[in-house]
Amino acid sequence: MPHASLHTIGCRLNQAETALLGDQLRSRGYDLVELGRPADLVVLNTCSVTDNAEAECRHLIRKIRRASPDAFVAVTGCYAQTGADVLQQMEGIDLIVGTQYKMELPRYLTSLERRPAPEILHTRTVSRDDFTIEGVGDYESTRAHLKVQDGCNFMCSFCIIPFSRGHERSRRPDDIIREAEGLVARGHRELVVTGVNVGRYACEGRSIDDVIGMLEDVPGLDRIRISSIEPTTISDQLLERMAGPSKLCRYLHIPLQSGDDGVLDAMNRRYTSKAYAAFIEKAVRTVPDLGLGTDIMVGFPGETDRAFANTRGLAADLPFSYFHVFSYSPRPGTAALKLPDAIPAGTITARREELCALSRAKRLAFYHRRVGQTVSVLFETRNQSGLFTGLTDNYIRVGVPAGSDLHNQLRPVRLTGAMDGLALGAAVDAFPLHTIGA
Ligand code: SF4
């Protein structure tokens, strides 16, 4: 059996796709091995969302080539789509597979003979057709990602994703359910619904809320989590479903990017800070104990001190339980690349650190407010301090002392304390009556 190793750089969607490619290779007789172990084939799923991500891809390709001089190296993913011209100049790549052919990559592995120069499977544009995907994602993790949508038409001025992944398109509902049932059969109790612009799902007359409704009926599935979703694409039905008795986790990750209207306009985002805040207030009013995350970008061209203060102010005021902070990274082909008033690197670093500290403080406060509650935790693994950790549905990372193996168990836990990044608790036998999210 030929040995294959796969590696992913980038987002949950990339991870979902690598897991599917792994399963496709396994069904073609490949034995999957960890990266770094001797392999006949190495597949790298790349990212081009920032220039750092691209640099990391190039670094890894060189490292893979040094470690496996005879392996057939296939590079796919967003950087293979947007940076094929750069990648084909690099030593050691045998196959470059753009977005159009990505999810059928194993079909093109007719031979694992090393090539003098990379073969390139690439189209400038990507089909807009709804799609199906072969296989059931192959995960080691407790939670599995479920790809339901791809591409984006929103064209935010800083974003390269519409260029790397093409126009929005949706996965056929029956194919989503087929994979979901396969993942549950493999023991996954929580599925993370993922895509590029998930809220824009539209296929066979169904919306994302309809798809989640179908997933609710999958026997043996305990939790459904939406990975990230744009503020202008969240329906009232989805909020009501999340608030009601449902498998849908009380969790929303809703990118804000900036709290300043001038910057939001220059980013070509589709809301004002006021509209965003109003939506968040509605979401929190509708869904009790909602776990709320966001993405914030610092250093966008023209982001004055005043503009940053507006962002920091809104981030502090809104009931976020954490945020991811990104530094603006000029991307080829994007509208923002032409904008004046670049922000000095030192200022960007200072702003990012300030918001990261604020995010930690808000997360700790969110955890502290729940001390004394009994929550439901899906346990994953032991951390370095020997505590067994897992997540609540509203995205609290919880750690408990445990003599036995709690892997993949859903257990009630009484929260007793909190520290940076971890709520502490003790596993209990049962929930007190009327426990939310039990
Ligand atoms: S919504 Fe904007 S930031 Fe998100 S993928 Fe689409 S273009 Fe990029």
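Across which strands does helix α2 (residues 51-67) lie? In the predicted model described here, local features need pLDDT of at least 70 and side-chain atom pairs count only at pLDDT 80 or more, while totals for chains, interfaces and linings use all residues. Residues are numbered from 1 along each chain as its sequence is written, and side-chain values use heavy atoms, with hydrogens and water left out.

Helix α2 lies across β1, β3 and β4 (72-77), and runs at about 175° to β3. Helices (H or I, at least four residues) and strands (E, at least two) are DSSP runs numbered from the N terminus. Axes are lines fitted to C-alpha atoms, for helices over the stretch in contact, and angles run from 0 to 180 degrees between N-to-C directions. The open sheet to which these strands belong is formed by six strands in the order β2-β1-β3-β4-β5-β6, with parallel pairing. Two strands are taken to pair if DSSP finds at least two bridges between them. In general, strands of a sheet pair through backbone hydrogen bonds, either parallel or antiparallel. In the six-strand sheet, β2 (31-32) and β6 (119-121) are the edge strands, each pairing on one side only. Strand β5 (residues 95-97) runs parallel to β6 and is joined to β6 by three bridges; I96 stands opposite I120 in β6. Helix α1 (residues 12-27) also packs on this sheet, where it touches β1 (3-8), β2 and β3 (41-46), and the direction of α1 makes about 170° with that of β1. Contact here means heavy atoms within 4.5 Å.

The protein chain is divided into domain 1 (3-121), domain 2 (143-368) and domain 3 (374-427), with bounds that come from an automatic or database domain assignment. Taken over C-alpha atoms, the centres of domain 1 and domain 3 are separated by 35 Å.

A further open sheet consists of three strands in the order β12-β13-β14, again with parallel pairing. The edge strands are β12 (251-253) and β14, each of which pairs on one side only. On average, and with direction ignored, neighbouring strands of this sheet are turned by 10° against each other. Strands β13 and β14 run parallel and are joined by six bridges, and M297 stands opposite F326 in β14. Helix α12 packs on the sheet, touching β13 and β14, and the direction of α12 makes about 170° with that of β14.

Not counting residues up to four places away in sequence, K362 touches A315, A316, D317, L318, F320, S321 and F323. K362 and Q81 are 281 residues apart in sequence and 38 Å apart in space, C-alpha to C-alpha. L364, also found in α12, is partly exposed, with a relative accessible area of 28%. Leaving aside neighbours within four places in sequence, L364 is in contact with A418, M419 and D420. From L364 to D51 the separation is 313 residues in sequence and 32 Å in space, C-alpha to C-alpha.

A search of the whole structure finds eight aromatic pairs. Rings of Phe, Tyr and Trp (its six-membered ring) pair if their centres lie within 6.5 Å; planes under 30 degrees apart count as stacked, over 60 as edge-to-face and the rest as tilted. The rings of F300 and Y328 have centres 5.5 Å apart and planes at 75°, so this pair is edge-to-face. F300 lies in the loop between β13 (291-298) and α11 (305-317), and Y328 in the loop between β14 (322-327) and α12 (345-368), so the pair ties together parts that are 28 residues apart in sequence. F300 counts as buried at 0% relative accessibility, and Y328 counts as buried at 12%. F320 and F323 form another edge-to-face aromatic pair, at 5.9 Å centre to centre with 80° between the planes. Both F320 and F323 are buried, and together with Y271 and Y276 they form one aromatic cluster.

Charges also sit over aromatic rings, a placement that requires NZ of Lys or CZ of Arg within 6 Å of the ring centre and within 35 degrees of the ring normal. R225 lies over the face of Y251, at 5.1 Å from the ring centre, and R270 over the face of F154, at 3.7 Å from the ring centre.

Technical notes
Buried means under 20% relative accessible area, exposed over 50%, partly exposed in between (1.4 Å probe, protein chains only).
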